[in-house]
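Let's take a walk through this structure together.

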Amino acid sequence: MDDVADAFANRDEPVLAFSGTGSSSSDQESKRSRLKESLSTSKLKEKIQDGAGSRSETGFSLQDRLLTKLLQQVIPSENIEEVLDLPPDKRSSKYIGRPGFSIPLMTNNFRRFNSRIGIVFVFQTRLIRLLTWRNPTHTLSLLAVCTFVCLDPYLLAVLPLAAALLFGMVPAYLFRHPAPPSTVVYSTYSLNGPPLAPPRTIRPAAEMSKDFFRNMRDLQNSMDDFSTLHDAVLKVITPLTNFSNEALSSTVFLFLFVTSCALFIAPHLLPWRFMSLMLCWTSIALGHPSVQQFVLNSRESHIRPHERKAKSLIDNWVARDIILDAPPETREVEIFELQKRKGGRKGEWEAWVFGPNPYDPLSPQRIAGERPKGTRFFEDVCAPKGWEWGDKKWVLDLGSGEWVEERMVQGVEVEVEGERWVTDLIPDEEVTNSTPKKGRVVGPGWAEGSGQEAIGEWRRRRWIRMVRRKGVSSNNSVNKE
């Protein structure tokens, strides 16, 4: 006995769509520019090659292969991620064992997906009919089931099994044991005996069939519904949670924090069954057209006149109780002025660079033989990224001995008075002893050395300045997708 195959498709009216405005041209242009900036062309080319290589023997048409080869030639080979110094994309085919991007593979998968997605749209259509009171007896039955589940939550374990029996096993058995024709008079309808019909199986919708295009229609509308719903949810939630208005977002944060603490302490005191029952009945009742019209009329007559007053009260409370006048964060930055002796050890000191490191004798740059990094002029020193200057000018650090001790700098001579230079010293074994000295005269204001050191070719001193955090206005938002 052959099986009877059938395809799932929504053969009724199209699935109801959400009302809303589409994307504007400016949004499309911005999305297109962001796509061009973030697309790694070399990885895309590599994925196309991977997809073409892995699927070259699976029966793709010559047109699909020619299109794939053409895209491989059009896409440039430079890697934008390497140029912009971006981290590697973990979704690349180098890190996961999934097929790469391929237009033939994408087309084949879409056809397979569209021929099998009909069961989702059938369920969606029946659920909408159930919640919009198209058949009141069915909706009341749903309310009865929800009531039993809300009053006894342990019945949730029964629902999947009961659904499998009522919507899966029983229809399949009745299909193999159909009722007699209406023209034949039977006193009773017996389900005993051998099956009278072949079993029914589910098959994908055939391409170019009506069911295939019905699925494509519903899929198109579902994508629009998701986009509209996504934009509507973000339009409501984003201003409350992204701290563009810090006072309002702080109020929401405070409310959520207090509510979380209260629910963490005393959730057992709330009547959860009664609350879930009221929520279930209210949500299902709002689907009735008469109830919807009554709610809309009540909103226009009773709620809308008081919306502005309630909003002003909330804004006044936020402005009065949420205080955000904390000063910006301030820190101290440093720069080292380096000078090098010109013409040997007895020459004059020459200004060299202003750098972030002291370039002491034991610094990694000094040991590696690298030149000190920095800028030649004081005016070219910029504040760190995200900060701005808090003072008008640099101040000389008079505690030269302190930063030398903190950094554990060795082999230097510290000037504790005067211009506060920290000068390199040449070790004893490098000093020529052509005329032995009994000792070295240490001038006033200098930390004593061993008496046998000679002045090196580098010296430095530390300058400090205050910076504060640079504020960013709410208009300069960062888009994340």
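The chain holds 14 helices and nine strands. Keep in mind that what you're looking at is a predicted model. Of its 481 residues, 23% count as buried.

Now find helix 10, which runs over residues 246-265. Its 20 residues reach 28 Å from the first C-alpha to the last, close to the 28 Å expected at 1.5 Å a residue. Which residues of helix 10 are buried? They are Ala247, Ser249, Ser250 and Thr251. As for what covers them, helix 9 (210-241) and helix 12 (289-321) are included.

Two packed helices are described by the angle between their axes and the distance between the axes. Helix 9 packs with helix 6 (residues 118-131) at an angle of about 65°, and the two axes are 10 Å apart. Angles of 65 to 115 degrees count as roughly perpendicular, so that is how helix 6 and helix 9 sit to each other. The crossing of helix 6 past helix 9 is left-handed.

Who does the touching here? On helix 6, look for Gly118, Phe121 and Gln124; on helix 9, look for Asn215, Asp218, Leu219 and Ser222. Sorted by class, this contact between helix 6 and helix 9 has two nonpolar, four polar and one charged residues.

Technical notes
Residues numbered from 1 in each chain as written. Predicted model: local features only at pLDDT ≥ 70, side-chain atom pairs only at ≥ 80, totals over all residues. Heavy atoms only, no water. Helix = DSSP H or I, 4+ residues; strand = E, 2+ residues; numbered from the N terminus. Expected span 1.5 Å × (residues − 1). Buried < 20%, exposed > 50% of the residue type's maximum accessible area, 1.4 Å probe, protein only. Contact = heavy atoms within 4.5 Å. Axes fitted to C-alpha atoms, helices over the stretch in contact; angles between N-to-C directions. Parallel < 35°, antiparallel > 145°, perpendicular 65-115°, else oblique. Left-handed = near helix turned anticlockwise from the far one by under 90°. Nonpolar A, V, L, I, M, F, W, Y, C, P; charged D, E, K, R; others polar.
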